Amino acid sequence: MAGFCIARRIVVSLFSPKRFQIRAFAEPIYCKANLSTNPIRAKPPSLLFLTVASVGAGAVLGGGYSFYLIQTASTPVSNEGVGTTATLLEHFPDVSISRKIYNADDTSGLQLTLFQYPTCPFCCKVRAFLNYYGISYNVVEVNPVLRQQMGWSKYKKVPILLAKVENGYQQLNDSSMIISALSSYLLESQGNLSEIVRCYPSISYHDDDGKLKDEVVNRYFIMFNDE
């Protein structure tokens with residue numbers, strides 16, 4: 001009966017005007033065997049089928065992402081440079097001193113310049129150490145947006161401490177390393193700051209995300225001269 005209905009539509013369309021042909025093919029096909037006047041439509045997928053399909057797709061995607069994380073975590077971390085020492089500058093950078101902190105009782109013999117942000121907690125830590133031990137120092141306030149006061153340095157984080165030494169200006173990076181190096185210097189009666197800084201090598205490496213980072217491994221330790 002359904003085949004008869006389709007054949008009848010084709011015959012009518014062949015012998016009817018073009019306008020009727022479009023309507024004949026556009027109208028839904030009815031079957032006389034079905035007493036209902038509704039057209040035949042495909043049954044939508046059930047809720048159970050959609051749920052099972054969603055769970056399966058989620059399991060496949062989750063398993064693939066977990067495998068990717070496992071493979072990434074197992075990739076060895078490569079070291080770019082092991083044992084690199086802090087920079088020694090021949091001349092003081094062309095920057096303006098913001099202010100000077102002077103202590104008349106300072107006997108350390110250090111000539112220090114601190115590059116900092118006023119509200120940086122790591123800079124506050126270094127300032128607290130210097131103030132506690134009564135060490136005089138100069139301050140250079142770094143613009144937190146442009147940071148033009150740090151254009152001379154490859155290391156772009158604060159605090160940075162420059163110490164006047166015999167051959168120029170010794171650069172010290174990282175707040176913990178700065179405090180440890182200065183503590184080692186103060187504890188050594190005849191300490192040489194440049195020699196002490198060499199005991200804090202910086203290691204450059206790529207982390208798990210592929211970013212290049214510098215880290216002083218022993219930055220929390222005080223170094224003593226065993227001789």
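The model is a predicted one, in which local features need pLDDT of at least 70 and side-chain atom pairs count only at pLDDT 80 or more, while totals for chains, interfaces and linings use all residues. Residues are numbered from 1 along each chain as its sequence is written, and side-chain values use heavy atoms, with hydrogens and water left out.

I begin with the sheet. Helices (H or I, at least four residues) and strands (E, at least two) are DSSP runs, numbered from the N terminus. Two strands are taken to pair if DSSP finds at least two bridges between them. On that basis, 6 strands form an open sheet of mixed pairing, in the order S2-S7-S6-S4-S5-S3. Its edge strands are S2 (88–89) and S3, each of which pairs on one side only.

S3, residues 99–101, pairs with S5 in the antiparallel sense over 3 bridges, and Ile101 has Tyr137 as its bridge partner in S5. S4 and S5, by contrast, pair in the parallel sense over 5 bridges. Within S5, Tyr137 stands opposite Leu112, and Val139 stands opposite Leu114.

I turn to the helices. S4, H4 and S5 make a right-handed β-α-β unit; right-handed here means that, with the strands pointing away from the viewer, the path from the first strand over the helix to the second runs clockwise. H4 lies across S3, S4 and S5, and runs at about 155° to S4. H5 packs on the sheet, touching S4, S6 and S7 (168–173), and its direction makes about 125° with that of S7. These angles run from 0 to 180 degrees between N-to-C directions, with axes fitted to C-alpha atoms, for helices over the stretch in contact.

The largest core has 24 residues, and Leu110, Leu112, Leu130, Leu161, Leu172, Leu182 and Leu193 touch the most other members. Elements that each supply at least two residues include S4 (112–116), H4 (121–132) and H5 (175–187). The largest share, 6 residues, comes from H5. A second, separate core of 12 residues includes Leu89, Tyr117, Cys123 and Met150.

Contact means heavy atoms within 4.5 Å. Leaving aside neighbours within four places in sequence, the contacts of Leu161 include Leu112, Leu114, Leu172, Ile178 and Leu182.

Two further residues deserve mention. Ser153 lies in the loop between S5 and S6, and counts as buried because its relative accessibility is 2%. Not counting residues up to four places away in sequence, Ser153 touches Ile160 and Gln171. The side chain of Ser153 also reaches the backbone oxygen of Tyr155 at 2.8 Å. Ser153 and Leu89 are 64 residues apart in sequence and 9.8 Å apart in space, C-alpha to C-alpha.

Arg219, finally, is in the segment after S9 (212–216). Is Arg219 buried or exposed? At 15% relative accessibility, Arg219 counts as buried. Beyond its neighbours within four places in sequence, Arg219 is in contact with Asp174, Ser176, Met177, Ser180 and Tyr200.

Definitions and conventions:
Core = buried A, V, L, I, M, F, W, Y, C linked by side-chain atoms within 4.5 Å. Buried < 20%, exposed > 50% of the residue type's maximum accessible area, 1.4 Å probe, protein only. Polar contact = N/O pair within 3.5 Å; in protein donor to acceptor, adjacent residues only side chain to side chain.
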